[in-house]
Amino acid sequence: MMKLIHILFLSSILILSSCNREDERGIDDILSKMTLQEKIGQMSQLNGENINHNQRFIQKIQDGMVGSVLNSTNPTEVNEIQRIAVEESRLGIPIIFGRDVIHGFKTIFPINVGLAASFNPELIQNSARVWAEEAYQSGVRWTFAPMVDLSRDPRWGRLAESFGEDPYLVTTMGLAVNKGFQQKQSDGLLYMATCAKHFAAYGAVEGGKDYNTVSVPLIELHNVHFRPFKALSDSGVNTFMTSFTEVNGVPASGNKFLLVDILRDSWGFNGFVVSDWGSIKEQITHGYALNTEDAAYKSLVAGVDMEMASTTYVNHIDKLIAEGKISISLIDEAVRRILQLKYNLGLFDNPYVEEISSNNKEKHLALAKEASIQSMVLLKNNDNTLPLNKDIKRLAVVGPMANDRYEQLGTWVFDGDTNLTITPLMALQSFLGTEKIAYTKALKTTRDNNLSGISKAVSVSSSADAILVVVGEESILVGEAHCRANLDLPGAQNELIKKLSETGKPIVLVIMTSRPLTIGNILPMADAVIYAWHPGTMGGPALVDILFGEVSPSGKLPVTFPKAPGQIPIYYSHKNTGRPASKDTWQPMEDIPARPIQTSLGNSNHYMDIGYEPLFPFGYGLSYTNFEYSDPELTSDKMTFDKGIDISTTITNTGDYDADEIVQLYIRDVTASITRPVKELKGFKRVHLLSGETKKVTFSINSSDLAFFNEVGEEIIEEGNFHVWIGANSDAKQKVEFELLKSK
Ligand code: GLC
């Protein structure tokens with residue numbers, strides 16, 4: 001028997017390697033036939049143009065000067081562009097079509113920061129499979145996702161498409177998206193290639209202002225920002241995309257340290273690197289490149305294989321080669337990586353969009369609804385205002401986001417089908433009946449400062465048993481380049497909420513946006529608050545299921561909520577500092593007696609006016625029930641480098657509702673050769689508990705979970721004392737300790 005298995009194993013290796021060998025033979029063969037111009041063409045990605053009567057664009061394709069096209073999603077147009085490439089260019093090399101498929105394609109799922117709130121990687125992986133299926137049918141074969149920039153700054157508009165502030169959560173979600181997109185066809189070929197972006201540390205833009213300077217110490221790059229990218233490189237993400245910003249003085253698209261020293265030499269990444277839109281040319285504006293030729297040179301040497309949208313490669317590589325500044329081997333390496341991906345996608349054999357009519361729309365909508373349900377976070381629920389009674393006689397529905405099929409989708413929804421969107425108002429009307437609902441938008445947009453609609457909102461609500469207020473940010477207020485210095489609800493939304501709260505009726509506040517907002521001033525005005533994020537196509541039905549208790553909310557915050565913008569950057573995994581703040585060291589500024597003697601009052605790292613705590617901590621989210629946690633228990637209080645331990649707790653659902661709880665594991669390395677965060681998320685599990693049910697939840701950890709990077713970028717594990725918490729959020733108090741030893 002063993003002999004047979006051994007033969008099967010060897011033959012499988014031979015098949016796989018012969019498959020690679022066939023690719024290699026094929027690629028070598030093509031490369032040997034390509035002119036320099038045709039090689040340069042493969043390294044050029046152009047924005048899709050209307051192909052009709054566009055002779056200039058057609059000629060480029062016929063000349064083999066277009067290796068990739070982005071933003072063409074009409075299958076007929078895609079096939080026509082592809083036909084020209086395959087049938088009318090000299091070597092017939094197929095084009096790879098790219099698109100930002102970020103949180104859905106036709107069916108839009110919650111925005112990424114909302115998806116992260118589900119803390120459910122399996123759900124995210126299944127969601128990405130749906131996104132891939134829908135995009136594939138439009139001819140997209142390469143998505144510019146997952147975006148795995150961490151962000152600790154809600155002013156940054158692109159926090160929306162991130163999975164939040166934490167390396168462990170962002171990594172887990174990024175891997176899930178990558179795996180979902182990279183589902184294989186029956187012959188092992190890819191449906192969809194993926195792209196880790198934006199390398200690197202784009203989320204650390206100064207001041208949360210997009211495109212701004214990024215200065216991050218090497219220690220923080222390795223221990224925080226690189227982690228999801230390294231994991232994706234290890235997991236076989238197909239491509240990387242550079243970022244617009246400079247990173248420590250060198251623009252990412254010309255940053256050899258990032259793209260060669262780290263990505264190639266240290267991590268061994270063998271896919272290809274594409275620049276972000278025009279970022280090669282922008283090296284001139286950064287003050288890093290003299291001109292477009294110099295920009296092309298710097299990016300080539302730094303390891304950018306394909307240029308998106310700008311044309312410095314097409315315009316200058318032949319001269320750089322002729323002058324001996326760039327070797328043809330560098331070009332061949334880049335082209336080989338690009339051709340390899342086209343092979344892996346099967347484009348040489350099947351270059352055209354297959355007109356496969358998938359009748360999975362209902363399945364996609366159902367999954368989008370489930371993702372929306374699991375992403376919503378219950379922030380407040382005084383006196384069990386929620387769930388609402390299904391027999392409610394009259395519900396007032398008010399607000400600019402209550403019935404907007406476009407705005408609730410959020411950013412990065414170019415291909416979203418708004419006809420599929422079901423808004424909260426639509427879902428409520430079908431659930432309760434139109435006659436039970438009194439609706440008014442009150443404000444034209446979320447930015448509207450015209451108060452005239454508020455009085456109508458108050459009068460419309462006068463006969464209601466409860467008021468549902470749906471507010472937030474229109475999609476244009478989040479996403480790329482859309483940063484805000486002030487994080488209150490925009491427009492007159494706060495005034496609207498205030499006036500409605502003065503009616504004395506129960507207020508259920510639903511906030512649709514893609515960033516933490518400073519909502520501390522309006523929290524007291526609402527009896528219940530649900531953070532729905534931009535919930536996507538099925539946000540309405542998802543909200544109704546939660547509002548009326550079909551399901552208990554289970555979402556947890558993937559980002560810390562500040563009380564004020566002045567607290568930013570604010571995140572749970574901060575350092576302890578030499579003078580950590582606590583309730584003993586901070587008193588409200590108002591309580592300080594007049595004319596106190598001049599001392600360093602408080603003596604700790606806090607703000608005199610708002611203290612040191614966030615509005616809501618990372619990992620926070622309420623349920624319709626209550627969960628009681630026992631103190632964590634360890635299988636041993638000693639761990640060695642080669643023998644891990646288990647950490648467990650028992651959780652009891654002491655309330656009346658069956659519900660999911662996301663149990664979180666945090667660890668602190670108390671003393672190390674570099675300072676370590678006060679807490680780091682090292683695991684989480686979703687458990688379902690019936691009312692009254694108790695379950696034991698166990699996490700296994702080993703020394704590799706405790707590794708970190710030192711000041712020279714070496715990953716190390718050190719002996720020492722560790723604290724460990726298991727709880728419902730990053731503010732967990734129940735702690736136990738263990739010691740890590742090299743060996744017993
Ligand atoms: C954009 C974004 C990037 C996107 C690319 C193509 O400017 O920065 O995330 O993938 O251009 O649309």
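I began at F181 and listed its contacts (heavy atoms within 4.5 Å); leaving aside neighbours within four places in sequence, F181 touches V101, A128, W131, A132, T143, A145, M192 and T194. Before going on I noted that this is a predicted model, in which local features need pLDDT of at least 70 and side-chain atom pairs count only at pLDDT 80 or more, while totals for chains, interfaces and linings use all residues. Residues are numbered from 1 along each chain as its sequence is written, and side-chain values use heavy atoms, with hydrogens and water left out.

**Nonpolar cores**

I next looked up the cores, a nonpolar core being a set of buried Ala, Val, Leu, Ile, Met, Phe, Trp, Tyr and Cys residues joined through side-chain atoms within 4.5 Å. Buried here means under 20% relative accessible area, exposed over 50%, and partly exposed in between, with a 1.4 Å probe and protein chains only. The largest nonpolar core has 110 residues, and those that touch the most other members are M43, W131, W142, F181, F199 and F240. Helix α6 gives the most to this core, with eight residues. I also found a second, separate core of 42 residues, which includes A117, V469, L523 and L557. I set beside this the general remark that in soluble globular proteins nonpolar side chains tend to be buried together.

**Aromatic pairs**

For rings I used Phe, Tyr and Trp (its six-membered ring), paired if their centres lie within 6.5 Å, with planes under 30 degrees apart counted as stacked, over 60 as edge-to-face and the rest as tilted. The structure holds 30 aromatic pairs. Helices (H or I, at least four residues) and strands (E, at least two) are DSSP runs numbered from the N terminus. F109 lies in the loop between β3 (96–99) and α5 (112–116) and W131 in helix α6 (residues 121–136), so this pair ties together parts that are 22 residues apart in sequence. I checked burial for both partners: F109 has a relative accessible area of 0% and is buried, and W131 is likewise buried at 0%.

I then turned to W533 and F561, another edge-to-face pair, with 6.4 Å centre to centre and 70° between the planes. This pair links distant parts of the chain, 28 residues apart, with W533 in the loop between β16 (528–531) and α18 (539–547) and F561 in the loop between α18 and β17 (627–629). W533 is buried at 0% relative accessibility, and F561 is buried at 0% as well. I also recorded one aromatic cluster formed by F119, Y168, Y572, F618, Y666 and F684.

**Charges over rings**

I counted a charge as sitting over a ring if NZ of Lys or CZ of Arg is within 6 Å of the ring centre and within 35 degrees of the ring normal. R152 lies over the face of Y571, at 4.1 Å from the ring centre, and the charged end of K298 sits over the ring of Y288, 5.2 Å from its centre.

**Helix α16**

On helix α16 (residues 452–461) I found G453, I454, A457, V460 and S461 to be the buried residues. They cover an arc of only 120° around the axis, taken from the directions from the helix axis to the C-beta atoms, which puts them on the same side of α16. S452 and S455, on the other side of α16, are exposed. The cover over the buried residues includes β12 (395–398), β13 (437–440), β14 (466–472) and α17 (493–501).

**Backbone and cysteines**

I looked up two cis peptide bonds: the bond from F199 to A200 has omega near 5°, and the bond from I568 to P569 has omega near 0°. A200 lies in the loop between β5 (195–199) and α8 (218–235), whereas P569 is placed in the loop between α18 and β17.

T577 also lies in the loop between α18 and β17; its phi is near 65°, a positive value in a residue other than glycine, and T577 is partly exposed at 41% relative accessibility. W412, in the loop between β12 and α15 (424–432), has a positive phi near 60° and is buried at 14%.

Of the cysteines I looked at, C195 is buried at 0% relative accessible area, and C483 is partly exposed at 27%.
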